[in-house]
Amino acid sequence: MCMTGQDIHADLTLPGYEHYSFASVSEKAKDISLTFIAPSKTFNIAGLGTSCVYVHNKSIRDEFFGYLETFEVANGNVFAYIGAEAAFSPQGEEWLEQLKAYLAKNIDYTCNFFKKELPLAKLVVPHASYLVWIDFNDYKFSQAELTRRLVYDAKVALNSGPEFGADYTGFARLNVGCPMSILKDALERIAIAINK
């Protein structure tokens, strides 16, 4: 069985890219997968606690929904239903297109900033969402020193790479889903802290 949570970010696929759900690649993939979608990431309404799941295989679907019913976690609330309906309605589409264009500008700005101010860093640029991975390893800092510079000197709390596994030592994850003014300020403080 394969649970495909990346579909929760699918609505945030950036201009120039396409998202293909795991369940769409073959009949076998469709038959072994659970595909989750939600307005939570895209529309910043995680607090409403709503999502949807598509399960093609009846046996897996019955087992999964049986689990949800047993633990009473399948019931939504009126705010979640209304919020999801509003988000996925045509009114939400125009906002979403504007959001994706804004995120693309923030990502481009971040890439250009790093090329100029922190050229030893390597960026993993997303095709969807608002999270940019930064590889600081060529600066030769220990993980503790990198964290100290980012958190205590720059006063910017990025997600530390090792939170996602030992292979990500020297990495940090930057959320660019914010106003450009906040992003510029954070990047400038990061550059000062790393280059000092």
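These legends accompany close-up views of a predicted model. In this predicted model, local features need pLDDT of at least 70 and side-chain atom pairs count only at pLDDT 80 or more, whereas totals for chains, interfaces and linings use all residues. Residues are numbered from 1 along each chain as its sequence is written, and side-chain values use heavy atoms, with hydrogens and water left out.

**View 1. Strand S5 (residues 131-135) and its covered residues.** Helices (H or I, at least four residues) and strands (E, at least two) are DSSP runs, numbered from the N terminus. S5 is mostly covered, five of its five residues being buried, where buried means under 20% relative accessible area, exposed over 50% and partly exposed in between, with a 1.4 Å probe and protein chains only. Leu 131, Trp 133 and Asp 135 point one way from the strand, while Val 132 and Ile 134 point the other way.

**View 2. The strand partners of S5.** Two strands pair if DSSP finds at least two bridges between them. Strand S4 (residues 122-124) pairs with S5 in the antiparallel sense over three bridges, and the partner of Lys 122 in S5 is Asp 135. Six residues lie between S4 and S5 in this hairpin, and Ser 129 in the turn has a positive phi of about 80°. S5 also pairs with strand S7 (residues 171-175), in the antiparallel sense over five bridges, with Arg 173 of S7 as the bridge partner of Trp 133.

**View 3. The two sides of helix H3 (residues 58-70).** The buried residues of H3 are Ile 60, Phe 64 and Leu 68. They cover an arc of only 65° around the axis, which puts them on the same side of H3; the arc is that of the directions from the helix axis to the C-beta atoms. These buried residues pack against helix H1 (27-32), strand S2 (33-37) and strand S3 (52-55), contact meaning heavy atoms within 4.5 Å. On the other side of H3, Lys 58, Ser 59, Glu 63, Glu 69 and Thr 70 are exposed.

**View 4. The surroundings of Thr 169.** Thr 169 lies in the loop between strand S6 (159-160) and S7, and at 37% relative accessibility it counts as partly exposed. Not counting residues up to four places away in sequence, Thr 169 touches Asn 137, Gln 143 and Pro 162. The side chain of Thr 169 also reaches the backbone oxygen of Ala 166 at 3.0 Å.

Conventions: Polar contact = N/O pair within 3.5 Å; in protein donor to acceptor, adjacent residues only side chain to side chain.
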